[in-house]
Amino acid sequence: MSATRSERSALFLLSAMIVAGVGTLAIPWFLTPPAYLDLALRDVAFDSDLSAQSVSISDDNTGRTRSAAIRKIGNAFIVRIGRINSGSSRYTARIAGYQPGTARFQAAALQSVQVPVALTPTFGRLEVSTFNAMRAADPVAATVKEESRSLTQEPQRVITVDLPPGIHKLSAQAAGFCDSQREFDIRAGKLTRASFPLSPDLTNDEIARFVLGWRNEPRDLDSHFWKSDAARFPSATTVYFQNKTGVLPNGNTFAHLDVDELYPGAYETLTVRNAAIGDYHYFIHAYQGIGTIGDAAATVQLYTRGCHVQTFTPPPPCAFRIWQVANLHYDGNHVEITERQTCEPEGTVQVRK
């Protein structure tokens with residue numbers, strides 16, 4: 001009889017404390033009222049599907065850790081923790097490839113709570129589109145690799161891949177095009193969108209092709225190709241964005257600006273033809289945007305017949321807005337390329353704005 005009175009007294013005391021909402025932490029563990037917990041996980045950078053991931057959940061109040069399943073319920077990714085002690089709690093979720101995500105919350109007695117957990121990726125995402133370098137918007141299905149590891153099971157026009165932060169050198173191969181390599185700067189928690197131009201081999205009267213690419217500001221880099229003995233610059237024998245077709249005094253076309261783009265991640269293409277007998281200069285000008293050539297992480301790939309490729313990068317630090325890349329000499333039979341690789345302030349070449 002006395003035991004029954006004790007149980008009733010304890011239950012009465014528990015009920016009174018729940019109703020009052022005070023003193024829960026002061027009572028013995030076996031009298032602490034429960035709550036019920038779900039964690040809603042979210043990739044805050046890419047909204048990735050987390051349902052196939054393994055997650056480790058730690059109760060930071062007790063130090064207990066356990067593995068749990070992630071279920072996709074509607075558009076949410078839920079980890080069902082179930083019964084917990086009511087009151088103040090802190091739980092941490094750990095998934096490979098993400099910084100630990102922590103949830104702090106108050107759970108009232110007998111309450112079911114769903115608490116969001118933000119997960120920040122330690123990887124970056126690259127979305128690269130492969131194009132015919134001769135046109136501004138002509139997608140090409142290509143196989144993309146990083147060293148010997150294929151990033152695509154079959155040729156694709158757009159490849160999306162998650163990669164560790166840092167500089168990654170990728171190669172691309174496509175039928176009818178020269179193999180090409182490009183570097184991409186991957187940053188944790190960031191999506192990098194970039195074009196990967198592929199040049200077809202030179203045909204007919206084509207003798208050389210320059211393909212410019214850049215990753216960062218300044219936003220608009222421009223290719224310039226001009227005849228070294230021109231009476232003035234720019235002139236009809238200067239190929240650039242305001243004069244995309246270079247014409248000699250005899251009326252022959254010696255070069256053409258095939259693609260003129262304005263933003264980092266894009267490319268510009270200039271093709272030289274066999275009328276370009278003599279000496280010519282090729283240089284890059286940072287036309288618009290903040291910064292210098294050295295900031296832009298620019299590269300130039302020069303193609304000659306047989307898919308022979310030379311890659312130029314600015315000499316560091318290249319803290320100016322003009323990059324003199326190379327000279328081209330053509331005698332009617334052979335192309336000779338001489339590197340210049342100097343950087344100069346604006347004003348050394350008069351570029352019409």
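Predicted model: local features only at pLDDT ≥ 70, side-chain atom pairs only at ≥ 80, totals over all residues.
Another is Phe-210 with Tyr-282, whose ring centres are 4.0 Å apart and whose planes are at 10°, so the pair is stacked. Phe-210 lies in strand S16 and Tyr-282 in strand S22, so this contact ties together parts 72 residues apart in sequence. Phe-210 is buried at a relative accessible area of 1%, and Tyr-282 is buried at 0%. Ring pairs also draw Phe-210, Phe-225, Phe-254, Tyr-280 and Tyr-282 into a cluster.

Nonpolar side chains in soluble globular proteins tend to be buried together. Here the largest nonpolar core has 33 residues, and Phe-210, Leu-221, Phe-225, Phe-254, Ile-284 and Trp-323 touch the most other members. Among the elements that each supply at least two residues are strand S16 (206-213), strand S17 (220-227), strand S22 (278-288) and helix H2 (293-296). The largest share, five residues, comes from S25. What does Leu-221 touch, leaving aside residues up to four places away in sequence? Its contacts include Leu-212, Trp-214, Ile-284, His-285, Ile-293 and Ala-298. There's also a second, separate core of 26 residues, with Leu-41, Tyr-98, Ala-103 and Phe-123 among its members.

Strand S2 (residues 55-59) is mostly covered, with four of its five residues buried. On one pairing, S2 runs antiparallel to strand S3 (residues 64-68), joined by five bridges. On another, S2 pairs with strand S6 (residues 87-94), again in the antiparallel sense, over four bridges. Asp-59 takes part in both pairings: it stands opposite Arg-64 in S3, and its bridge partner in S6 is Tyr-91. The S2 and S3 hairpin has four residues between the strands, and Gly-63 takes a positive phi near 85° there.

| Residue | Phi |
|---|---|
| Glu-147 | about 55° |
| Ala-297 | near 55° |

Glu-147 sits in the loop between strand S10 (143-146) and strand S11 (149-150), and is exposed, with a relative accessible area of 73%. Ala-297 lies in the loop between H2 and S23, and counts as partly exposed at 21% relative accessibility.

Then there are the cis peptide bonds. The one from Glu-217 to Pro-218 has omega near 5°, with Pro-218 in the loop between S16 and S17. The one from Pro-316 to Pro-317 has omega near 0°, and Pro-317 is found in the loop between strand S24 (308-312) and S25.

The stretch to watch is residues 10-27, where pLDDT stays under 50 and the model has 14 contacts beyond four places in sequence.

Definitions and conventions
Residues numbered from 1 in each chain as written. Heavy atoms only, no water. Core = buried A, V, L, I, M, F, W, Y, C linked by side-chain atoms within 4.5 Å. Buried < 20%, exposed > 50% of the residue type's maximum accessible area, 1.4 Å probe, protein only. Contact = heavy atoms within 4.5 Å. Pairing = 2+ DSSP bridges. pLDDT = per-residue confidence, 0-100. Phe/Tyr/Trp six-rings, centres within 6.5 Å; stacked < 30°, edge-to-face > 60°.
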